[in-house]
Amino acid sequence: MAHGHHHHHHHHAHPHGDGETERMMRRATYFATSMALALLAAKGIAWWLSGSLAMLSSLTDSLFDVISSTINLLALRYALKPADDDHRFGHTSIEDIASLGQFAFIVASMAIISLQSAERLFHPRPLEHETLGIWVSLAAMALTTALIAYQTMVTRRSPSLIIASERLHYLSDLLFNVGVLIALGASSVLHIVWADPAMAIVIAIVVLWTNRVIGIRAFNNLMDREMPDAEKAKIEAILKASDILSHHKLKTRYSGTKPFIQMHVEIDDSLDFQSAHAITDTLENALLAAFPEAEIIIHPDPAPAGKPRSRTA
C-alpha cells in the first residue's frame, strides 16, 4: 500500500490540480471570450460603415478568437477531466484536436480575405467613416492590452498550452489594430486608396504565419510524434545516471501538454525482487521530477550483471 500511496502524492502536486490556478485559467478564458465578443461587435459595425478590408481582416481574426475561445473553454474543461473507463489515457488529446480545427478555419478565412483584397487592389474605392474605425481600433487596443497582461500572469503560474496560444492570438491582434489604424489613417489623411487592401493582405499573412506553430504541433501530437530531441536527451541522461544495466524500446509522445514515456530496462538478475523494484521506482521518480505531468511505463527485463553496460536505443 505504501507504494500506491506515495504515487498519489505527486499526482496532487501537478499544476492543473491547484484550484486557484485553475480558477484563474477559467477566468482568463471567460475574460477573453467576453472581450472578443465586444470587439467583434464594434469591429463589425466599423467594417460595415467604412468598407475597410483591413478592418474585415482584423474582424475575422476576432471572430476566430471568439470561436477559438469558446472551443478552448470547452476543450479545457474536457482536457482537465480525469481519465475514465472509456479514456484510460485521459482527455488531453482534445487540446490537439481543437487546435487543428482552429488552424483549418483560419487558413480558409485568410485565403478568402486575401482574394477579396487582391480584387480591391485592382478596383480601388475610397473608404467612408474612417474616424469611427480609428476609434474602434484604439478601444480594441486598450482592451487587448489589459487581457494580454492578465493572460501573461496566468501563463507564468501554469503553463497551459491553450492560454499560451490564446495569448499569441491577442498579441497579434494588438499588431493588427496598429495595422488597421495605419490603413485608415493613410486612407483618410493621405487618401492612399491601396493602403487598405494591402494592409488586409499583410494581416492575413501574419495571421497564418503566427498560427502555423499551433497547427504543426497539434498535428505532430495527434500523429504520436516523438518528443523534441532536447527532452529525449534529458530522458537519456536520467537513464544513464540510474542503476539499470541498459534500456531499449524507449518510446515517447505528447498528448496536449501531457508527456507519455515508456521503455524496457535491463536489471541485474541476481538482485532480489525488492531491490530490482527499488531501482525502477527510483528511475520513475527521477523521470517524474523532470516531467511532472508524465505518464511513465517501465518494463524491467532481467539480465546477467556480468556483461558490460551496453547503451542500446
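**A right-handed β-α-β unit and its setting in the predicted model**

Strand β2, helix α9 (residues 273–290) and strand β3 together make a right-handed β-α-β unit; a crossover is right-handed if, with the strands pointing away from the viewer, the path from the first strand over the helix to the second runs clockwise. Helices (H or I, at least four residues) and strands (E, at least two) are DSSP runs, numbered from the N terminus. The model is a predicted one, in which local features need pLDDT of at least 70 and side-chain atom pairs count only at pLDDT 80 or more, whereas totals for chains, interfaces and linings use all residues. Residues are numbered from 1 along each chain as its sequence is written, and side-chain values use heavy atoms, with hydrogens and water left out.

The protein chain contains nine helices and three strands. Read from the N terminus, the order of its elements is α-α-α-α-α-α-α-α-β-β-α-β. Of the 313 residues in the protein chain, 45% are buried; buried denotes under 20% relative accessible area, exposed over 50%, and partly exposed the range in between (1.4 Å probe, protein chains only).

The three strands form an open sheet with mixed pairing, in the order β1-β2-β3. At its edges are β1 (246–255) and β3 (295–303), each of which pairs on one side only. From one strand to the next, the twist averages 10°, where axes are lines fitted to C-alpha atoms, for helices over the stretch in contact, and angles run from 0 to 180 degrees between N-to-C directions. Two strands are taken to pair if DSSP finds at least two bridges between them. Strand β1 and strand β2 (residues 258–268) pair in the antiparallel sense over eight bridges, whereas β2 and β3 run parallel and are joined by nine bridges. Serine 246 has glutamate 266 in β2 as its bridge partner, and threonine 252 stands opposite isoleucine 261 in β2.

Strand β1 is mostly covered, with eight of its ten residues buried. Lysine 249 is placed in this strand and counts as exposed, at 52% relative accessibility. Its phi is near 50°, a positive value in a residue other than glycine. Most residues other than glycine have a negative phi.

Four salt bridges are present in the structure, a salt bridge being a side-chain nitrogen of Lys or Arg within 4 Å of a carboxyl oxygen of Asp or Glu. In one of them, the side chains of aspartate 196 and arginine 120 meet at 4.0 Å, N to O. Aspartate 196 lies in helix α7 (residues 195–222) and arginine 120 in helix α4 (residues 93–122), so this pair ties together parts that are 76 residues apart in sequence. Both aspartate 196 and arginine 120 are buried.

A further salt bridge joins arginine 253 to aspartate 224, with the closest N and O atoms 3.5 Å apart. Arginine 253 is in strand β1 and aspartate 224 in the loop between α7 and α8 (229–241), and the pair links distant parts of the chain, 29 residues apart. Aspartate 224 counts as partly exposed, at 41% relative accessibility, and has a positive phi near 55° in a residue other than glycine. Within the sheet, the side chains of glutamate 295 in β3 and lysine 258 in β2 meet in a salt bridge at 3.9 Å, N to O. The pair ties together parts that are 37 residues apart in sequence. Glutamate 295 counts as partly exposed, at 28% relative accessibility.

Among the helices, α3 (residues 53–79) holds serine 68, which counts as buried at 0% relative accessibility. The C-alpha atoms of serine 68 and phenylalanine 103 are separated by 9.6 Å, the two residues being 35 residues apart along the chain.

On the surface, Ile45, Trp48, Leu49 and Leu132 form a nonpolar patch with about 420 Å² of accessible area together. Patches are made of residues with over 30% relative accessible area and no salt bridge; like charges are joined within 9 Å, and nonpolar side chains (Val, Leu, Ile, Met, Phe, Trp, Tyr) within 5 Å. Accessible areas come from the Shrake-Rupley method with a 1.4 Å probe, and for residues only the protein chains shown count as cover. Helix α2 (residues 19–50) gives the most to the nonpolar patch, with three residues. Isoleucine 45 is found in this helix.
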